[in-house]
Amino acid sequence: MKRAIPVLVLTVAGLIPVWRYAPSTDTSSTTEVAEPASTPSTSSSGGTSNQVVAGSTIETEKGPVQVEVTFEGDRISSVRMLQQPNHPQTKAAVPKLIAETLTAQSADIDAVSGATITSEGYVESLQAAIDAKPASSSSSSASPSASAAASQVVAGSAVDTEKGTVQVEVTFEGDGIGAVRMLQQPNHPQTKAAVPKLIAETLSAQSSDIDAVSGATITSEGYVESLQAAIDAKG
């Protein structure tokens with residue numbers, strides 16, 4: 001019995017730390033889960049919701065094609081290439097495809113001659129981005145009359161150049177340039193190649209402060225002059 005007492009004391013002493021133990025409540029360690037690449041990101045500025053959506057990667061014979069689309073409300077405001085084939089035809093075609101997209105405001109655009117494969121991959125990736133865009137809640141609340149009032153079409157002055165007459169028509173959406181259309185342009189290969197680039201630069205810069213296209217300096221100068229006239233004439 002005398003030998004049992006020390007054993008009992010040691011047993012009780014060993015249980016004391018167990019009784020005093022309390023589970024830790026430290027929550028400083030968390031697990032972060034990265035969003036998938038195709039998940040749209042949303043930001044708001046001045047009451048307008050911007051959504052950036054990456055289209056699917058399309059594997060083509062020339063290489064992968066993937067676009068990233070920025071939406072302002074329900075409108076396509078810009079398109080950026082995330083992946084594209086490293087070919088001269090592709091580099092020449094991309095500005096035309098982007099310009100057509102911003103004008104059409106959809107994936108219903110024509111393929112660029114000489115870059116059909118890249119064009120088809122571009123359209124497929126673009127449509128995937130459009131399909132992945134969440135519906136804009138602001139579109140249902142905007143009245144048709146307000147939307148119509150926000151758009152204004154202004155023709156710039158006709159500028160006579162050594163190559164021929166250049167005249168643009170600008171569609172303004174609020175204070176932004178939504179689209180540019182050529183009313184008159186010289187019938188020259190350099191002009192036909194330069195115009196899509198000039199339009200793409202205009203929509204990106206949202207002004208006439210753009211660079212002339214190499215090989216089409218005269219047409220570029222006429223384009224800028226007519227564009228500035230349209231901007232100045234906007235009410």
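Thr90 is buried at 2% relative accessibility (buried means under 20% relative accessible area, exposed over 50%, and partly exposed in between, with a 1.4 Å probe and protein chains only). Thr90 sits in helix H2, where helices (H or I, at least four residues) and strands (E, at least two) are DSSP runs numbered from the N terminus. Setting aside residues up to four places away in sequence, Thr90 touches Gln84, Pro85 and Thr118, a contact being heavy atoms within 4.5 Å.

Please keep in mind that this is a predicted model, in which local features need pLDDT of at least 70 and side-chain atom pairs count only at pLDDT 80 or more, while totals for chains, interfaces and linings use all residues. Residues are numbered from 1 along each chain as its sequence is written, and side-chain values use heavy atoms, with hydrogens and water left out.

**Confidence and overall make-up**

- The protein chain has an average pLDDT of 78, and 72% of the residues score at least 70; pLDDT is the predictor's confidence in each residue, from 0 to 100.
- Residues 15-39 stay under 50 in pLDDT, and the model has three contacts beyond four places in sequence for them.
- Residues 137-149 also stay under 50 in pLDDT, and here the model has one contact beyond four places in sequence.
- Seven helices and nine strands make up the secondary structure of the protein chain.
- The protein chain has 235 residues, of which 33% count as buried.
- Among contacts in the protein chain with a separation of 6 or more, 44% join residues 24 or more positions apart.

**Salt bridges**

- Side chains of opposite charge can pair when their charged atoms come close.
- The structure holds six salt bridges, each defined as a side-chain nitrogen of Lys or Arg within 4 Å of a carboxyl oxygen of Asp or Glu.
- Arg75 pairs with Glu72, with 3.9 Å between the closest N and O atoms.
- Arg75 is buried, at a relative accessible area of 18%, whereas Glu72 is partly exposed at 37% relative accessibility.
- A network of salt bridges links Glu72, Arg75 and Glu173.
- Lys133 and Asp74 meet through their side chains in a salt bridge of 3.2 Å, N to O.
- That pair links distant parts of the chain, 59 residues apart: Lys133 is in the loop between helix H3 (116-132) and helix H4 (137-141), and Asp74 is in the loop between strand S4 (64-72) and strand S5 (75-83).
- Lys133 counts as buried at 14% relative accessibility, while Asp74 is partly exposed with a relative accessible area of 48%.
- Glu169 and Arg181 form a salt bridge in which the closest N and O atoms are 3.0 Å apart.
- This pair also links distant parts of the chain, with Glu169 in strand S8 (residues 165-173) and Arg181 in strand S9, 12 residues apart.
- Glu169 is buried, with a relative accessible area of 17%, and Arg181 is partly exposed, with a relative accessible area of 48%.

**The second largest pocket**

- Rolling a probe the size of a water molecule over the atoms shows where empty space is left.
- On a 1 Å grid over the protein atoms alone, a pocket is an open set of points where a 1.4 Å probe fits, with protein on both sides within 12 Å along at least five of seven lines, and lining residues have an atom within 4 Å of a point.
- The second largest pocket holds about 190 Å³ of space; grid points are joined across faces, edges and corners, and the volume is the space filled by probe spheres set on the points.
- Its lining consists of Lys96, Ala99, Glu100, Thr103, Val180, Arg181, Met182, Gln185, Lys192, Val195, Pro196 and Ile199.
- Helix H2 (88-104), strand S9 (176-184) and helix H6 (189-205) are the elements that each give two or more residues to this lining.
- The lining residues divide into six nonpolar, two polar and four charged (Ala, Val, Leu, Ile, Met, Phe, Trp, Tyr, Cys and Pro count as nonpolar, Asp, Glu, Lys and Arg as charged, and the others, Gly among them, as polar).

**Helix H7**

- Ile218 lies in helix H7 (residues 217-233) and is partly exposed at 28% relative accessibility.
- Beyond residues up to four places away in sequence, Ile218 touches Thr161, Glu162 and Lys163.
- Apart from neighbours within four places in sequence, Ser226 is in contact with Gly156, Ser157, Val159, Val166, Gln167 and Val168.
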